[in-house]
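Open the model in a viewer and keep the selection tool at hand. The tour goes stop by stop, with what to select and what is there.

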Amino acid sequence: MHILLMRHGDAVDQMVDQARPLSEVGIRQVERVCEYLDSKSLEIQTIYHSQKTRALQTAGIVASYFNMIEKLKYSSTLDPDMDADKFIDELVYVQENTLFVGHLPTIQIILHQLLESSSEAIPPIYFEPATVVILEKRNNERWRLAGFFNPDKPEI
């Protein structure tokens, strides 16, 4: 099973729009992430997002790209400044490849908590806008890093 942790794409400044929708740059970032995920041949069954416009739009672009709009779901555990432990507690119920679109700092904390118990060193991944991290878990093993992609630095 794989889970994908993704930060929303670049959003417009709060002074421009209080709802902070994706900027044109953010839309292009998410489109590049879709191409990356498509190249990985990962079949995502469900996409969860926070209540914020920028996360919903990010999740919506991915869902449209993979023809799975009906698989979009809201999760309060992804809302900004939510307790990462609540997300981890609910993760035990996830049984299929799932994408989670959230915010800093929570998404970063979730990554570190999931990899903390792993024997692998935690890589220095910072969730810049639209960065996605792929984690894998087989049977009852611990989560391990299976890949990551920053659309603004695809060569990394």
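Which are the buried residues of helix 4 (residues 106-116)? Select Thr106, Ile107, Gln108, Ile110, Leu111, Leu114 and Leu115. Buried here means under 20% relative accessible area, exposed means over 50%, and partly exposed is in between, with a 1.4 Å probe and protein chains only. Helices (H or I, at least four residues) and strands (E, at least two) are DSSP runs, numbered from the N terminus.

Before moving on, note that this is a predicted model, in which local features need pLDDT of at least 70 and side-chain atom pairs count only at pLDDT 80 or more, while totals for chains, interfaces and linings use all residues. Residues are numbered from 1 along each chain as its sequence is written, and side-chain values use heavy atoms, with hydrogens and water left out.

**Around helix 4**

Now show what covers those buried residues of helix 4: the cover includes strand 1 (2-7), helix 3 (84-91), strand 4 (98-102), strand 5 (132-136) and strand 6 (144-149). Keep helix 3 and helix 4 on screen. They pack at an angle of about 55°, with their axes 9 Å apart; axes are lines fitted to C-alpha atoms, for helices over the stretch in contact, and angles run from 0 to 180 degrees between N-to-C directions. That angle makes helix 3 oblique to helix 4, since angles under 35 degrees count as roughly parallel, over 145 as roughly antiparallel, 65 to 115 as roughly perpendicular and the rest as oblique. The crossing of helix 3 and helix 4 is right-handed, meaning that the near helix is turned clockwise from the far one by less than a right angle.

To see the contact (heavy atoms within 4.5 Å), select Ala84, Asp85, Phe87, Ile88 and Leu91 in helix 3, which meet Thr106, Ile109, Ile110, Gln113 and Leu114 in helix 4. By class, this contact has seven nonpolar, two polar and one charged residues. Ala, Val, Leu, Ile, Met, Phe, Trp, Tyr, Cys and Pro count as nonpolar, Asp, Glu, Lys and Arg as charged, and the others, Gly among them, as polar.

**The loop between strand 4 and helix 4**

Select histidine 103, which lies in the loop between strand 4 and helix 4. Histidine 103 is buried, because its relative accessible area is 3%. Leaving aside neighbours within four places in sequence, histidine 103 is in contact with His8, Ser50, Lys52, Arg54, Ala55, Leu78, Asp79 and Pro80. Proline 105 has its place in the loop between strand 4 and helix 4. Check the peptide bond from leucine 104 to proline 105: it is cis, with omega near 0°.

Proline 123 touches Leu115 and Leu145, not counting residues up to four places away in sequence. The C-alpha atoms of proline 123 and leucine 145 are separated by 8.7 Å, although the two residues are 22 residues apart along the chain.

Alanine 130 is found in the loop between helix 4 and strand 5. Alanine 130 has a positive phi of about 70° although it is not a glycine. Is alanine 130 buried or exposed? Alanine 130 counts as buried, because its relative accessibility is 0%.

**Helix 1 and helix 2**

Select helix 1 (residues 24-40) and helix 2 (residues 53-65), which pack at an angle of about 40°, with their axes 10 Å apart. That makes helix 1 oblique to helix 2, and their crossing is right-handed. Ile27, Val30, Glu31, Cys34, Glu35 and Asp38 in helix 1 meet Thr58, Ile61, Val62 and Tyr65 in helix 2. By class, the contact has six nonpolar, one polar and three charged residues.

Asparagine 67 is in the loop between helix 2 and strand 3 (72-74). Asparagine 67 has a positive phi of about 50° although it is not a glycine, and at 68% relative accessibility asparagine 67 counts as exposed.

**The nonpolar cores**

A nonpolar core is a set of buried Ala, Val, Leu, Ile, Met, Phe, Trp, Tyr and Cys residues joined through side-chain atoms within 4.5 Å. The largest has 22 residues, and those with the most contacts inside it are Leu4, Met6, Leu37, Ile47, Leu99 and Val132. Helix 1 gives the most to this core, with five residues. Another core, of 19 residues, lies apart from it, with Ile3, Leu78, Val133 and Leu145 among them.
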